[in-house]
Amino acid sequence: MNLPGAPRLALALSLAAGWLNVPGAPPPRALSGKAVVFAFGDFSRAAGLRGLPGLEKLASAHPDALAVVCVQEGRVPRPLLRKLIVDEDIPFPVAVDAGGRLARAYGAAAAPPSFLLIDPLGRPAGRYLAAGEDLEQGVASVLAKAGATPRPGKRPLALRLERDAAGSAAFSPRRLLVDPAGRRVFISDTGHDRVVVADYSGRVLSVIGSGERGLQDGPFAQAKLDHPLGLALNGRMLYIADRGNDRIRQADLAQGMLRTVGQTVGVGWPDGLAFGNDRLYIAAASPHKIMMYNTHDGALSAYAGSGADRHEDGALPAAALEQPAALAFSSGTLFVSDDAAGSVGAVEVANPEIRTMVSGLGWPQGLAASGGSLVVADLGRGTVERVDPRARKATVLARGFSRPEDVAPFRGGWLVADGSGALWRLSADGSRRERWTLSGLPALSGDPQTGPMPTPLMSVLPVARVHSDAPATILLSVSLPKGYRLDARAPFRYRVAQTSGLITFQHSTRKGALAQAQLPARLNFVQPAGRAEALVEASFYYCREDGKGVCLAKSALEDLPLEASPTEPRTELAVSIAAD
């Protein structure tokens, strides 16, 4: 295709079969004068997702001059793709290119994932295999050649994130672990970067992680995680698959301390965990393997999977796993769900080979093995299903879930984690279902006692005026009564979303969890001339400074109308959430 730059870019955008995270195909004028990075890949796979942190770093470094477009090349059903975009918090426009037409417009020769850089004149400027330093230098080079100052009036892309459309969940459980001996339930609240520990009544006992995304060892309240997933318990030690940080973390439940298991750094996009035979088994999606960690000598080795990106039964380690997700260990057998292959397999320790128990599932995630039964949460179908290994088929136990991510045996039945923000208790046969609620989130239980988080009421703030097409900031703070402070164990949590008009928030500041000393929160954005609206959501607990009495809770929704003009000098807006 020999079209000049801008028409070629316009044609490429029109070739996508559909768009997500945006109202529709971005108009070419929205990309005019910008450098563009097309990230080609299958974002239902670990390989496609691994480039997102690098892309977010690039977008934050060049908020006005660079646009990132993810190009989904795998044939993933649209509803499932929406769920995955929400789960992974993808902040960029996603073009659905199952037929490869957009890729062919630029003669995409490299296999995905790959990253195509387009200069501000719409011309291809380089192809890269990783979102790393080479791509960063390429972007810097094309922007320097085009001129350091963005063109006046450049309009940001109008986003309509699937996460915002799905609703802002205060709780996003994706993995479960039930400890019958201790009568405890461990829940990976993945979207809030923490692990919640509750008793059988749902009372929160402790929270592992401050809720702020990052990598930090230390006391539970200060420690940081990044997209925690699989959980496994060995005595007082809880192992956590810290997928965003690509390592395994170990939580000492007696001492309240979190540390990194050093030998597991770079294990390969860990998801499911299972403990058996004094070994920790790790579903590592990126190398397409099950890894094994010896807790006695600290050795990490490959247990199953040749590394080939396909599903193939056979003896270990020659057998292949396409994308291992969840694990469960029971009676000498390790069960594994392979979500990309739509299957569940088993490995008997005494007979080390992988054999498929059932295939043809939608997008199998969490597994539960108990009392001779094997149950799987199928995210693709919105069901919980019982696996019959003899008949090599699965039958629906319960249906109608929004995002079933995991299932665990619980009090004679099952506990289901729905990633949309709910936990459900199922009877053993699936005929009865009831909501299982937690009390004491996000604060820890214990003195001083905390009340439940109230349902927020929306209020409309006065119109705020800012300078157009320039970096601007909302300074978000809290106003407390005299003699009160924020509960140090429960950070001030906030989230902001665009609800109308053209406004682009810097992704790294769209949500967060901060201590009182870290306030105000800085929500960075750019808005072209005109009107827009943002929705600011905040929640916090506040207590008497003398430590007496009951801590109170506040949850707020603030509708913030914004008007941007080139003549308005102001670039900072102060918004204060008042406690009741």
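The questions and answers below look at helices, strands, aromatic rings and nonpolar cores in this predicted model.

This is a predicted model, in which local features need pLDDT of at least 70 and side-chain atom pairs count only at pLDDT 80 or more, while totals for chains, interfaces and linings use all residues. Residues are numbered from 1 along each chain as its sequence is written, and side-chain values use heavy atoms, with hydrogens and water left out.

Q: Is E88 buried or exposed?
A: E88 is found in helix α5, residues 78–88, where helices (H or I, at least four residues) and strands (E, at least two) are DSSP runs numbered from the N terminus. Buried means under 20% relative accessible area, exposed over 50%, and partly exposed in between, with a 1.4 Å probe and protein chains only. Because the relative accessible area of E88 is 11%, this residue counts as buried.

Q: Which residues does E88 touch, not counting residues up to four places away in sequence?
A: Contact means that heavy atoms lie within 4.5 Å. With residues up to four places away in sequence not counted, E88 touches L49, R174, H227 and R243.

Q: Of what kind is the aromatic pair of F410 and W436?
A: A search of the whole structure finds 11 aromatic pairs; rings of Phe, Tyr and Trp (its six-membered ring) pair if their centres lie within 6.5 Å, and planes under 30 degrees apart count as stacked, over 60 as edge-to-face and the rest as tilted. The ring centres of F410 and W436 are 5.4 Å apart and their planes stand at 70°, so the pair is edge-to-face.

Q: How many residues apart in sequence are the parts that F410 and W436 tie together?
A: F410 lies in strand β29 (residues 404–410), whereas W436 lies in the loop between β32 (433–435) and β33 (457–460). The pair therefore ties together parts whose separation in sequence is 26 residues.

Q: What is the relative accessibility of F525?
A: F525, in strand β40 (residues 521–526), is paired with F505 in strand β38 (residues 504–505), and this aromatic pair is tilted, at 5.6 Å centre to centre and 45° between the planes. F505 is buried, with a relative accessible area of 9%. F525 also counts as buried, because its relative accessibility is 2%.

Q: Over the face of which residue does R433 lie?
A: A charge sits over a ring if NZ of Lys or CZ of Arg is within 6 Å of the ring centre and within 35 degrees of the ring normal. R433 is 4.2 Å from the centre of the ring concerned, which belongs to F401.

Q: How many residues has the largest nonpolar core?
A: A nonpolar core is a set of buried Ala, Val, Leu, Ile, Met, Phe, Trp, Tyr and Cys residues joined through side-chain atoms within 4.5 Å. Among the residues with the most contacts inside the largest one are V37, F115 and L135, and the elements that give two or more residues to this core include β2 (35–41) and α7 (133–146). The number of residues in this core is 35.
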